[in-house]
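Please examine the sequence and the structure shown below.

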Amino acid sequence: MKRDLTTRDFWDQRNQSRSIRASGLRMLLGDAFEGTRAEVWERLLARTCSAPGNILELGCAPGRILKRLAEVAPQHHYHGLDMSAPGLEACRSLLQEAGIHAELYEGDVWTAELPRKFDVVVSAGLIEHFSDLRGIVLRHAYYARPGGWVVVTVPNWARPGINRLITVTLRPNTFETHNAEAMEPENLKSTFESAGLLDVEAGEAGGAWLTTVAASLTVKARLAQAFARAWNLGLVIVPPLRRLWGGLVWAIGRVPEEAER
Ligand SMILES: C[S@@+](CC[C@H](N)C(=O)[O-])C[C@H]1O[C@@H](n2cnc3c(N)ncnc32)[C@H](O)[C@@H]1O
């Protein structure tokens, strides 16, 4: 079975063409979205690493998550691994602009060796790009120290139906490059447990935001995009609506100490 649902070229192209600036309404929506996502990460890091530690993000380009982590939990030392050279370049500039120091490594998560083990290994938007979910969770655990934590988040574009419908209208090929099985908290929980992680928890968080990113602007896509923007504006105006579903699926698990193996 094909294990990787994407290729290095796919990411190099995305990381070269990606714009991470916005203005006006998009900035307002972006800030509200960012606020809910930052809260999720603040909670996940507080649950897994209270003392200053070394945190590694797998698939870290173009650096938005590392930036978010360093802003919500500046006491930690951050590291990032990615296989895309242009992506790492974008990551480096984003962090430099924000005055954040992080060690960045270029390599493939399936094979890369890093100079140390980490207190927490996180990824955000990585594991759903593989068909072998247990294998990729095991790779996270490989980079963590005994007793360290694995923290994974996956964007939920699969549930409920309206969320999936908008996503596939805007980007018809989404589920060719994304494994929807990773978007179910129960699946993530059992995958973490089957990878030998302890104290596993999983859930949904991060607000019922709809994606507005389109692959091409057909009439159908423009209509879906207008609907998604109006919906997201509704979430800014009436925050309790954000609880309708979780735009992020998350899971945490602890790597066994030597004595627990
Ligand atoms: C959706 S992006 C992650 C976004 C990132 N967390 C952020 O917002 O800052 C997925 C990243 O994983 C990287 N990636 C995919 N497969 C990889 C692999 N086998 N080894 C290392 N990095 C990989 C891609 O190059 C891409 O930069």
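## Surroundings of the ligand

In this predicted model, the shell around the ligand consists of 10 nonpolar, 7 polar and 3 charged residues. In total, 20 residues surround the ligand. The closest are Trp11, Gly59, Ala61, Val109 and Gly125.

## The sheet

Strands of a sheet pair through backbone hydrogen bonds, and the pairing may be parallel or antiparallel. Here, 7 strands form an open sheet with mixed pairing, in the order S3-S2-S1-S4-S5-S7-S6. Strand S3 (102-106) and strand S6 (198-205) are the edge strands, each of which pairs on one side only. From one strand to the next, the twist averages 15 degrees.

Strand S5 (residues 144-155) and strand S7 (residues 248-254) run antiparallel and are joined by 7 bridges. Within this pair, proline 155 stands opposite leucine 248 in S7.

## Helices on the sheet

Helix H3 (residues 64-72) packs on the sheet, where it touches strand S1 (54-58), strand S2 (77-82), S3 and strand S4 (118-124). The direction of H3 makes about 170 degrees with that of S2. Helix H4 (residues 85-97) lies across S2 and S3, and runs at about 170 degrees to S3.

## Helix H2

How far should the 25 residues of helix H2 span? At 1.5 Å a residue, helix H2 (residues 24-48) should span 36 Å, and this agrees with its end C-alpha atoms, which are 36 Å apart.

The buried residues of H2 are Arg37, Val40, Trp41, Leu44, Leu45 and Thr48. These buried residues pack against H3, S4, S5, S6 and S7.

Definitions and conventions: Residues are numbered from 1 along each chain as its sequence is written. This is a predicted model: local features need pLDDT of at least 70, side-chain atom pairs count only at pLDDT 80 or more; totals for chains, interfaces and linings use all residues. A residue is near a molecule or strand if its C-beta atom, placed from the backbone, lies within 6 Å of it. Ala, Val, Leu, Ile, Met, Phe, Trp, Tyr, Cys and Pro count as nonpolar, Asp, Glu, Lys and Arg as charged, and the others, Gly among them, as polar. Two strands pair if DSSP finds at least two bridges between them. Helices (H or I, at least four residues) and strands (E, at least two) are DSSP runs, numbered from the N terminus. Axes are lines fitted to C-alpha atoms, for helices over the stretch in contact, and angles run from 0 to 180 degrees between N-to-C directions. Two residues are in contact if their C-beta atoms, placed from the backbone, lie within 7 Å. The expected span of a helix is 1.5 Å times one less than its number of residues. A residue is buried if 20 or more other C-beta atoms lie within 10 Å of its own, exposed if 12 or fewer, and partly exposed in between; C-beta atoms are placed from the backbone.
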